[in-house]
Amino acid sequence: MIRGLVSNDCFDDAVDFYSLMRSEGFLPNNFTFPFVLKACARLLDLQLGVKIHTLVVKAGFHYDVFVKTSLVCLYAKCGFLEDAHKVFDDIPKKNVVSWTTIISAYIGVGKSREAIDMFRRLLETNLVPDSFTVVRVLSACTQLGDINCGEWIHKWIMEMGMVRNIFVATSLVDVYAKCGNMEKARGVFDGMPEKDIVTWGAMIQAYALNGLPREAMDLLFQMQRENVKPECYSVVGVLSACTRLGALELGEWASGLVDRNEFLCSLIVGTALIDLYAKYGNMAWAWEVFKGMKEKDRVVWNAIISGLAMNGYVKISFGLFGQVEKKGIKPDGNTFIGLLCGCTHAGLVDEDMQYFNSMDRVFSLTLIVEHYGCMVDLLSRAGLLDEAHQMIRNMPMEANAIVWGALLGACRMHRDTQLAELVLKQLIELEPWNSRNHVLLSNIYSTNLKWDEAAMIRLSMNEKGIQKLQRCSWIKVHGIVHEFFVGDKYHPLLEKINAKLDELTKKMKVAGYIPTTDYVLFDIEEEENEHFLGCHEKP
């Protein structure tokens, strides 16, 4: 009876039935203890679990491997990892389940390195881990981002002939993808004799997360050719890819691959669709998805707040933030990143400072580098360079390249070469091979007619072999995404495009438009500067 209750997740009833059993004078055995201890673990009832542990010892079952493994799980689930390990060490003949339990215990508290060490110890015994154990230890490699460890376990998996196991192979795909090695992830994927929808979804998500949206879309089409129906996680990866490509129609088509009620009931799909519409600038459709969702958690609220704020509907995002508080949903750091970014783009210095200060004082949230970055960006855009620089110096953590880059961009705009030099030193230290830092300072010197200093930077770049990266932009026409580089000469419609641009430029000049060529390129003629600006003007 206790077993049946536990198997059906009726843990309170299982504990009550155990208490009834004891009150009627029945003594549990090594079959009863594991199930009632599992109920205690799921209920986090350490007090009852300790009493049962005492009874286990009195009844003489403290050497039973199944009972002791259940005790390991109890102490680990209740947060007493040291006690769990003591019980584990006392097991005279450990089995694979015992080892898997202690490995999972370490992973559960974020001690992935210790979990991998325990797996190494397991391999030193005569026991052979099963697929569940391997999947768990691969998840530890993923958490650590340790590709070397993943490769070592992959080699062992190959030696044991376990690579054909669909769960193990999918976990390997996840390890390589999370570590950024998409070539090996795809190699494992292609080598799988069979794939389920989870495997397809993991690979599509991997491409999307690693900035390879085209590959994600190609895999979706391959999935369809093989008559595999996508599920929610696959669609989320595709929506992420469409967001990167700016392919709204394709994203809408992908969302139609799952039933509308299904994606409105799915927090992750609904959130991804809101994000797609928001980044494409269609907040009306994003709002319709938001309103239609059956359930809304903090992540969904964050998506719509950020989308509204980034698309200029800052005041509305403020109102939604008030609703979040009224509904009893505690805002997190991402909530405030959306608000702060919105204030930044709207130039709302006072409101931004108010939200920034309230994070710690009102909501007891820990400020991270992204929050400081938003503030530095706002102050920089507002021309308050000294205040922005002071905020960087007062940050409790080291500023990253994004934060320093925001200040450098403002230095360029306001022609503050003295502060720009200081900022650039920090950026070069953080990103020594990023050509943008060198080129930007060179352009600052150029606009201030400091030609010798600008030439010295270019010379230094040449000596160090630092190449200027070509910038590009994308535009979608009739469902096809076209990619253009600065000074592009290879597009098949180049002549027609340039002719149309020349025609538009002449009309713009007649209307009074004067191109700003100060910051476009360095050391080329003004007419050529205007030409490049027209061919690659940023919005």
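Helices α26 and α27 run roughly antiparallel to each other, because the angle between them falls in the class over 145 degrees. This is a predicted model, in which local features need pLDDT of at least 70, side-chain atom pairs count only at pLDDT 80 or more, and totals for chains, interfaces and linings use all residues. Residues are numbered from 1 along each chain as its sequence is written, and side-chain values use heavy atoms, with hydrogens and water left out.

Now for the pair itself. The axes of α26 (residues 401-413) and α27 (residues 417-430) come within 9 Å and cross at roughly 150 degrees; axes here are lines fitted to C-alpha atoms, for helices over the stretch in contact, with angles running from 0 to 180 degrees between N-to-C directions. On the α26 side, Ala401, Trp404, Gly405, Leu407, Leu408 and Cys411 do the meeting, and their partners in α27 include Leu419, Val423 and Leu427 (contact means heavy atoms within 4.5 Å). Sorted by class, this contact has 12 nonpolar, two polar and no charged residues.

Another pair is α13 (residues 197-209) and α14 (residues 213-225), whose axes come within 7 Å and cross at roughly 160 degrees. These two helices are therefore roughly antiparallel as well. Trp200, Met203, Ile204, Tyr207 and Ala208 of α13 touch a set of α14 residues, among them Pro213, Glu215 and Leu219. Here the count by class is 10 nonpolar, one polar and one charged.

Finally, in α19 (residues 283-292), Met283, Ala286, Val289 and Phe290 are buried, that is, under 20% relative accessible area with a 1.4 Å probe, protein chains only.

Terms used:
Helix = DSSP H or I, 4+ residues; strand = E, 2+ residues; numbered from the N terminus. Parallel < 35°, antiparallel > 145°, perpendicular 65-115°, else oblique. Nonpolar A, V, L, I, M, F, W, Y, C, P; charged D, E, K, R; others polar. Buried < 20%, exposed > 50% of the residue type's maximum accessible area, 1.4 Å probe, protein only.
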